[in-house]
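Notes below, in the order I looked things up.

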Amino acid sequence: MPLTVTPLYAGALALLLIFLSFRVIFYRWSSKISLGDDDKALRKRIRTQANCAEYAPFGVLLLLLAELQGAPIWALHLLGLTLLAGRLLHAVGFGSTPQILPLRQAGMVLTFTMLLLSGLGLIGHALF
């Protein structure tokens with residue numbers, strides 16, 4: 001069974017992570033900060049990148065498992081879009097100066113919603 005949905009969202013999330021990583025790299029380069037995170041703006045960029053790196057892989061794993069279990073394609077796209085939108089909104093909201101709290105919060109709500117629905121769906125499928 002070829003996978004069609006998970007690779008799409010995994011690829012999009014990888015591009016987001018690369019973008020966030022380059023924001024850290026370019027800030028370090030332009031500010032001549034090789035090591036450490038004593039700079040407040042740098043620390044914010046690092047945490048924006050790290051937050052994506054912390055949540056996106058687990059979401060992709062859950063999406064992959066749901067696809068392998070034969071979840072309907074509409075449900076997979078809904079989960080993938082929810083995760084991607086959540087990570088994008090969080091990155092914009094948290095990474096902005098000053099941060100845009102409603103976007104950050106919406107991003108976390110969407111991310112947690114995807115994790116919750118995926119987790120419950122996988123548990124339900126395994127038990128029933």
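**Notebook: helix packing**

I started with burial: 35% of the 128 residues of the chain count as buried (under 20% relative accessible area, 1.4 Å probe, protein chains only). This is a predicted model, where local features need pLDDT of at least 70, side-chain atom pairs count only at pLDDT 80 or more, and totals for chains, interfaces and linings use all residues. Residues are numbered from 1 along each chain as its sequence is written, and side-chain values use heavy atoms, with hydrogens and water left out.

Next I checked the elements and found 4 helices and 0 strands (DSSP runs, H or I of at least four residues for helices, E of at least two for strands, numbered from the N terminus).

I then looked at α2, residues 40-68. Its 29 residues should span 42 Å at 1.5 Å a residue, and the end C-alpha atoms are 42 Å apart, which agrees (expected span is 1.5 Å times one less than the number of residues). Its buried residues include Leu42, Cys52, Leu62 and Glu67. I see the buried residues of α2 packing against α1 (6-31), α3 and α4 (contact is heavy atoms within 4.5 Å).

Last, I took α3 (73-95) with α4 (101-127): they pack at about 155°, axes 7 Å apart (axes are lines fitted to C-alpha atoms over the stretch in contact, angles run from 0 to 180 degrees between N-to-C directions). That makes α3 roughly antiparallel to α4 (over 145 degrees). Among the contact residues I noted Leu83 and Phe94 of α3 and Met108 and Leu117 of α4.

Key. Parallel < 35°, antiparallel > 145°, perpendicular 65-115°, else oblique. Buried < 20%, exposed > 50% of the residue type's maximum accessible area, 1.4 Å probe, protein only.
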